Amino acid sequence: MNPRAIATEAKLLLIGIPVLLWTIVPVYHMVLFAISPKDSAFAGNLWPDHPTLNNFLVVFQQKHHYLTYFWRQMGNSLVIAVATGVITLLIATCAAFAISRLKVGGGRLVMNLALLTYFIPAAFLAVPMYRTMGLYGLLNSQWALILAMVTLASPYAIWVLKQASDKLPEELDEAAYIDGASALQLFRLVYLPLMMPSLVAVGTYALLLAWNEYLYAFLLLSKDTEVTLAVGLGNFLAADDSPWELLMATGLIYALPPAAIYYAFKRYMVGGLTEGAVKS
Amino acid sequence: MSTVAITATTQAPAVPADRAWPAAQFWGVVLVAPYVLVFLVFVLYPVCYGFWIARRPETFVALFDDPIFARSVANTLVFLGVGINLKMAIALMLSNFFVQARRWIQWLAVLFILPWALPSIPTILSIRFMLNPEWGIINSLIFRFTGDDGPNWLNDPTLALALAILVHIWKSLPFWTLILISGRLAIAKDLYESAAVDGATSWQMFRFVTWPSMRTLYLTCTILSMIWTLGDFNSVYLLTGGGPADLTHVLATLGIRYLRLDEVDLSMAAIVVALPLVLPLVYFMMRRLSK
């Protein structure tokens with residue numbers, strides 16, 4: 001290697017190493033706490049003297065008063081995330097088909113209203129949403145959170161699906177029409193199969209959005225048996241003497257499914273979502 | 001059959017969709033109706049109701065008299081002005097770094113996504129614990145190496161706000177870097193090659209090749225990031241809880257604070273007051289995205 005190439009590599013490393021540390025340290029710290037025994041968790045070591053999986057056992061057996069409903073809350077998170085994913089997918093797929101392929105009257109207006117909703121900062125919509133959920137009598141019901149998450153997820157879902165659908169050639173519709181297909185047959189036999197990658201991306205997006213949500217979950221639900229795991233984690237903050245090692249173990253369990261899904265579907269996510277997020 | 005149909009239609013003028021299917025309009029309305037219903041019930045009505053809650057001028061007087069409100073507005077402006085611009089500048093720099101063809105950089109890129117792929121709560125709480133003045137790992141290390149006590153990170157409002165901004169950057173930097181990378185990869189390679197032949201420095205390549213192609217994308221990303229950051233509740237709430245002494249609130253957490261204190265009208269008024277800041281950004285994004 002000539003000196004110039006070495007200098008280039010050194011410059012790249014000079015960026016790469018800080019980027020690696022910056023990214024990994026908070027995550028590593030979480031893992032470190034999760035595998036440390038209670039008394040040595042605060043020792044400030046870079047690796048525990050006696051790494052243990054005992055914290056996970058405590059969590060799974062719900063042997064702490066913060067964790068009494070761990071499995072229940074995990075189940076709540078799962079049900080709410082799956083329901084949000086499925087309902088968003090249904091609503092958004094139909095709307096995008098109607099706007100993009102059937103060119104329904106007022107479709108453009110609906111698309112613009114959805115986009116406008118997408119641009120309302122989530123924490124701002126939370127306050128009026130909380131009040132109206134109360135008026136509808138949905139407060140403390142998991143439907144409140146599911147419907148709120150569907151409301152937040154569908155605008156972007158519709159937009160991504162409409163963009164993808166607009167790229168399908170017009171000739172497909174015309175061919176289907178001449179072959180005597182009905183609008184619903186076009187939807188089922190042509191549109192759905194061709195849109196599959198975008199549908200996977202959008203469904204995953206809505207599912208992860210609901211699984212990760214904290215603010216709406218803690219506003220709309222309150223009973224310990226009804227809240228999601230996100231809220232259960234937040235409740236650890238209630239006291240100063242919280243068992244950090246258990247919180248980090250629970251947090252790690254909570255964080256793994258979305259991370260696994262993200263990496264498994266990365267192909268779809270990056271293609272379907274970053275393209276849609278900002279059109280250049 | 002379908003091949004025949006396609007050749008037939010290419011000769012004939014295109015059939016407009018509404019004429020093609022007499023039932024298309026009917027089915028279009030049926031299929032778009034569920035979303036319209038969701039929009040009316042969970043967006044339009046709540047928003048109108050919110051404005052109605054914040055209708056009384058006295059509410060705004062009370063809001064402006066609250067010193068926490070003024071502080072929150074200032075914090076929000078710092079969060080947007082400093083935080084977002086810093087984040088986007090780093091993302092732009094890193095997008096140039098991650099397109100370098102090196103095996104280890106590709107692996108680093110996979111790891112780099114982690115903060116965005118993981119949910120906020122456990123990671124932000126992990127950072128919060130690192131910063132704990134007595135037990136946290138940062139002050140433990142400071143003590144071990146210098147024998148001095150480290151700063152009480154989250155008890156100093158300026159430091160706490162700066163750390164909340166850093167948490168926000170930590171969480172969302174991967175997303176924006178990813179988007180800028182896709183913009184960067186769209187630039188034709190031969191532009192860089194011919195610039196290299198002409199003996200351009202790497203700064204000149206950035207200035208005259210990269211930047212002109214990415215300027216629009218960069219601006220759009222900045223605006224969109226500002227809108228989302230206005231609604232970023234987690235970075236501040238989970239790290240500082242708005243403290244110490246309610247000095248690190250931003251508008252997103254302030255609204256929720258009033259709500260929890262059962263002062264819904266103040267909560268809505270704080271959001272209404274933020275609209276002059278939000279609407280121009282939203283207008284810009286709508287102009288960019290809707291056709």
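Modeller: Start with a term: a contact means heavy atoms within 4.5 Å. This is a predicted model.

Biologist: What share of the contacts in chain A with a separation of 6 or more comes from residues 24 or more positions apart?

Modeller: That share is 74%.

Biologist: How many helices and strands does chain A have?

Modeller: Chain A has 13 helices and zero strands. A helix here needs at least four residues in a DSSP run.

Biologist: Why is chain A called more spread out than a compact globule?

Modeller: The globule rule gives 19 Å for 280 residues. The radius of gyration of chain A is 24 Å, well over that value, so chain A is more spread out than a compact globule. The C-alpha atoms fill a box of roughly 75 × 70 × 30 Å along the principal axes.

Biologist: What makes a residue buried, and what part of chain A is buried?

Modeller: Buried means under 20% relative accessible area. In chain A, 55% of the 280 residues are buried.

Biologist: What makes a set of residues a nonpolar core?

Modeller: Its members are buried residues such as Leu and Phe, joined through side-chain atoms within 4.5 Å. The largest such core has 184 residues. Among those touching the most other members are Leu215(A) and Phe98(B). Helix 6 of chain A, residues 142-166, gives the largest share of this core, 15 residues.

Biologist: Which residues does Leu215(A) touch, not counting those up to four places away in sequence?

Modeller: Leu215(A) touches Ala123(A) and Ala126(A), along with Phe233(B) and Ile256(B).

Definitions and conventions
Residues numbered from 1 in each chain as written. Chains lettered and ligands numbered in written order. Predicted model: local features only at pLDDT ≥ 70, side-chain atom pairs only at ≥ 80, totals over all residues. Heavy atoms only, no water. Helix = DSSP H or I, 4+ residues; strand = E, 2+ residues; numbered from the N terminus. Rg over C-alpha atoms; globule rule 2.2 N^0.38 Å. Buried < 20%, exposed > 50% of the residue type's maximum accessible area, 1.4 Å probe, protein only.
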